[in-house]
Amino acid sequence: MTDLKKDIEQLIENKEFEQAIEKLLQLPNLESDFDALMHLSSTYKLLGQWGNAINYYQKALKLKPEDEFIKNEIALLQTYLNFEKLDIYASTNLNNDPWFE
């Protein structure tokens, strides 16, 4: 393991996520480094940057297309994004009464 990767893992352990992302993005072979892509995805997820997390999970999925964990993470994050877009004030039927609309 390179010193840079050790530094990245230490930053993640210390919850210094922004610095970890900066270092991960500096890795020379990021697109072909499965572990780095997974670290980057999970770090974005921890920061609540779900769109970025999905993008890097999808890149990792290209390297391991049968990985069920990644597929589940992408589905979960897409659910988060859909929920985030939900506008509870779009309808005056806040009690979801079927007869009201």
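This is a predicted model: local features need pLDDT of at least 70, side-chain atom pairs count only at pLDDT 80 or more; totals for chains, interfaces and linings use all residues.

Reader: OK. Where is Leu-11 found, and is it buried or exposed?

Author: Leu-11 is found in helix H1. Helices are DSSP runs of H or I with at least four residues, strands are runs of E with at least two, and both are numbered from the N terminus. At 12% relative accessibility, Leu-11 counts as buried. The cut-offs are under 20% relative accessible area for buried, over 50% for exposed, and partly exposed in between, using a 1.4 Å probe and protein chains only.

Reader: How far apart are the C-alpha atoms of Leu-11 and Lys-23?

Author: They are separated by 9.4 Å, with the two residues twelve apart along the chain.

Reader: Zooming out, how many helices and strands are there in the chain?

Author: Five helices and zero strands. From the N terminus on, the order is α-α-α-α-α. The chain has 101 residues, and 29% of them count as buried.

Reader: What about the largest nonpolar core, which residues have the most contacts inside it?

Author: Leu-30, Leu-40, Tyr-57 and Ile-70, in a core of 24 residues. A nonpolar core is a set of buried Ala, Val, Leu, Ile, Met, Phe, Trp, Tyr and Cys residues joined through side-chain atoms within 4.5 Å. Helix H1 (3–13), helix H2 (17–25), H3, H4 and H5 each supply at least two residues of this core.

Reader: And what is Leu-40 in contact with?

Author: Setting aside neighbours within four places in sequence, Leu-40 contacts Ile-21, Leu-24, Leu-25, Leu-30 and Tyr-56.

Reader: Thr-43 next. Buried or exposed?

Author: Buried, with a relative accessible area of 0%. Thr-43 is found in helix H3, and it touches Ile-12, Phe-17, Ile-21 and Leu-24, not counting residues up to four places away in sequence.

Reader: Switching to rings: how many aromatic pairs does the structure hold?

Author: Two. Rings of Phe, Tyr and Trp (its six-membered ring) pair if their centres lie within 6.5 Å; planes under 30 degrees apart count as stacked, over 60 as edge-to-face and the rest as tilted. Tyr-44 lies in helix H3 (residues 34–46) and Tyr-56 in helix H4 (residues 50–63), so the pair ties together parts twelve residues apart in sequence. Tyr-44 counts as buried at 9% relative accessibility, and Tyr-56 is buried at 13%.

Reader: Then why are Trp-50 and Tyr-80 called tilted?

Author: Their ring centres are 4.9 Å apart and their planes are at 55 degrees, so the pair is tilted. Trp-50 lies in helix H4 and Tyr-80 in helix H5 (residues 68–85), so this pair ties together parts 30 residues apart in sequence. Tyr-80 counts as partly exposed, at 32% relative accessibility.

Reader: Which residues of H4 are buried, and what do they pack against?

Author: The buried residues of H4 are Trp-50, Ala-53, Ile-54, Tyr-56, Tyr-57 and Ala-60. They pack against H2, H3 and H5.

Reader: What does Leu-81 touch?

Author: Leu-81, in helix H5, touches Trp-50, Gly-51 and Ile-54, again not counting residues up to four places away in sequence. Leu-81 is partly exposed, with a relative accessible area of 24%.

Reader: Last one: what is phi of Lys-15 near?

Author: Near 60 degrees, a positive value in a residue other than glycine. Most residues other than glycine have a negative phi. Lys-15 lies in the loop between H1 and H2 and is exposed, with a relative accessible area of 65%.

Key: Residues are numbered from 1 along each chain as its sequence is written. Side-chain values use heavy atoms; hydrogens and water are left out. Contact means heavy atoms within 4.5 Å.
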